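Q: I have a structure open here and would like to go through it piece by piece. Can we start with a loop and work outwards?

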Amino acid sequence: MRLRSARLASALLACGVLVASAWAQPPRAITANMADVLGPRDMAWQDCVGADHGGLLFREPNRQQLRLVHDEIGFKYIRFHGIFADDTAPYREVDGKPVYDFSKVEAVYDAVLKAGMKPMIEVSFMPRDLASSDKTIFYWKAIGSPPKDWGKWSDFITAFTRDLENRFGKDEVESWRFEVWNEPNLDGFWTGGDQPSYFKLYDTTARAIKGVDPALKVGGPSTAGAAWVPDFLAYARSNGVPVDFVTTHSYGVQGGLLDENGEGDNKLVADPGSIVNDVMKVRREITASPERGLPLYFTEWSTSYNPRDPIHDAYLSAPFILEKLRKVDGAVQSMSYWTYTDLFEEAGPPPTTFHGGFGLLTREGIRKASYFAYKYLNELGPTVLKNADAESWLTRDGKNFVGLIWNYTTPVMNESNRPYFRKLHPATALPPVRLVVSSLAPGAYRLTLHRTGYQANDAYSQYIRWGLPKDTTPAQIAALQNLAADRPETQVSVKVGRDGVFRRTIPIRTNDVLLVRLEKVAN
């Protein structure tokens, strides 16, 4: 424990930071009263997580990582593209007549259920033999066109939905969700980003699904940039089309909405309202409509929509995630992080250990800093305590206190993400956190502190020090895994006296994330 503390102090000093001057400033006061309960936690962050396309779940490494994020983070649903893509091949035509084969589709959803999760079905993309265009997007050749025959599409969706209920059971599938398409406002995902033809697709698809089972949940418009929601709801209302939930997407960078090959570059939005403003805007749009009570699911979000953006690997991503989730608490029913793994092939197979992939985990399963934001969220208690601090969640878990505390400092960037986040950025010491927890039962407790930040659960900074190697050896992979092992920084026994108050001063740096657990020891 003393060694870990020394390492933290050394890291601060090595960055040229005068730790003593930071401690000389007034501390950041965080107080929690175990008797002052706000209510149950909002779990929108845990509802869903994203992935690339369904066929990747035929591969054991993808399935292993999915089981890991379910077990350690608790994600409930998974959303991915392309359940009708070439590697599942549920539709083909022989002499102009449709032939259905849902065996590989069933295998994908079997893998989801075996991981302990449920599908957030993205009804996409167009089967090759049913498409009106042969234009493709992504390495794995998704087709984003309308069907050549709307009647055949309706029949196919009907058969698909019936097969799901026959194979997995009506009650089970009624707990799933059906989201129609992905980002139809972008050319490439939908021909010309044409709104009227998407509304026709939604209309046809929703009616086919509900025609099999009216209890099934269907929604959209699944747009990029929080677009089309008022128009979508107005169309559905005017045409009697069922809508059970609203979906859309938002990312935290400037410059466009699509980079399928990861060849461009972006820059982190400095505005603290990034992503948050989109969530609040769509919530207001739903509230202003006759469907004001509809659930809102953001089915994609993260720092960047670019599949080769090193910000995804940087330790900054951990407090970024917490900052955005804290600010949308209670306004949204699902915030589905894009994605759980770098085993992701929109822009082709992952080329290196760290390459700016979307995932919480690298291709080898190394936990990124972003992973620990979610892992720590999952370790909080079920009951939220009242709290005046904007960058923390304070919770109660029976007699135990669990707090998640962070700092999010937007970097001053004179360049775009790719050059900036391929360099080391040591953290700066801040005034310490002065944590006071009251109304505790007197007695013995175990205090445990975990940290994620610069050189703490931060394998990527070591990868930068190695020169961003194209190839990594087994020994290097093992070393990186060890750097992301989440060992406690502090684990000590403490006593709470008759006054029921616990006090602790904790060092914190820019973009640190702290998990503090005070656990009652049985007498």
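Q: Where does I275 lie?
A: This is a predicted model. In it, I275 lies in the loop between β14 (267-268) and α9 (276-287).

Q: And what is phi of I275 near?
A: Phi of I275 is near 70°, which is a positive value in a residue other than glycine.

Q: What about D95, where is its place?
A: D95 is in the loop between β5 (91-94) and β6 (97-100). Phi of D95 is also positive, near 55°, and D95 is not a glycine.

Q: Buried or exposed, for D95?
A: D95 counts as exposed, at 77% relative accessibility.

Q: Switching to peptide bonds. Which residue does a cis peptide bond join to S124?
A: The partner is F125, and omega of that cis bond is about -25°. F125 sits in the loop between β7 and β8 (136-137).

Q: And which residue is joined to W338 by a cis peptide bond?
A: That one is T339, with omega about 10°. T339 is found in the loop between β16 and α11.

Q: Since β16 came up, which way do its residues point?
A: Strand β16 covers residues 334-337. S334 and S336 point one way from the strand, M335 and Y337 point the other way, and all are buried. In general, side chains in a regular strand alternate between the two faces of the sheet.

Q: How many bridges join β15 to β16?
A: There are 3 bridges between β15 (residues 296-302) and β16, and the two strands run parallel. W301 has Y337 in β16 as its bridge partner. To get from β15 to β16 the chain passes through helix α10 (residues 317-327), and this β-α-β crossover is right-handed.

Q: On to the sheets. In what order do the 7 strands of the open sheet come?
A: The order is β2-β17-β18-β19-β24-β21-β22, with antiparallel pairing. β2 (37-40) and β22 (490-496) are at the edges with a single partner strand each, so one side of each has no neighbour in the sheet. From one strand to the next, the twist averages 25°.

Q: How do β19 and β24 pair?
A: Strand β19 (residues 400-406) and strand β24 (residues 513-520) pair in the antiparallel sense over 6 bridges. The bridge partner of G403 is V516 in β24.

Q: Which strands does α10 touch on that sheet?
A: α10 touches β18 (392-397), β19, β21 (443-452) and β24, and its direction makes about 110° with that of β19. Helix α11 (residues 369-378) also packs on the sheet, touching β18, β19, β21 and β24. The direction of α11 makes about 155° with that of β21.

Q: In what order do the 3 strands of the other open sheet come?
A: The order is β1-β20-β23, and the pairing is mixed. β1 (28-33) and β23 (502-509) stand at the edges, each with a single partner strand, so one side of each is left without a neighbour in the sheet. The twist averages 20° from one strand to the next.

Q: In what sense do β1 and β20 pair?
A: β1 and β20 (residues 429-438) pair in the parallel sense over 6 bridges. A29 stands opposite R434 in β20.

Q: Now helices. At what angle do α4 and α5 pack?
A: Helix α4 (residues 103-114) and helix α5 (residues 150-168) pack at about 50°, and their axes are 11 Å apart. The two are therefore oblique to each other. Their crossing is right-handed. Residues making the contact include Y109 and L113 of α4 and F160 and L164 of α5.

Q: Which residues is I121 in contact with, leaving aside its neighbours within four places in sequence?
A: Among them are Y109, F160, L164 and W176. I121 is found in strand β7 (residues 118-123), and I121 counts as buried because its relative accessibility is 1%.

Methods
Residues numbered from 1 in each chain as written. Predicted model: local features only at pLDDT ≥ 70, side-chain atom pairs only at ≥ 80, totals over all residues. Heavy atoms only, no water. Buried < 20%, exposed > 50% of the residue type's maximum accessible area, 1.4 Å probe, protein only. Helix = DSSP H or I, 4+ residues; strand = E, 2+ residues; numbered from the N terminus. Pairing = 2+ DSSP bridges. Right-handed = clockwise from strand over helix to strand, strands pointing away. Axes fitted to C-alpha atoms, helices over the stretch in contact; angles between N-to-C directions. Parallel < 35°, antiparallel > 145°, perpendicular 65-115°, else oblique. Left-handed = near helix turned anticlockwise from the far one by under 90°. Contact = heavy atoms within 4.5 Å.
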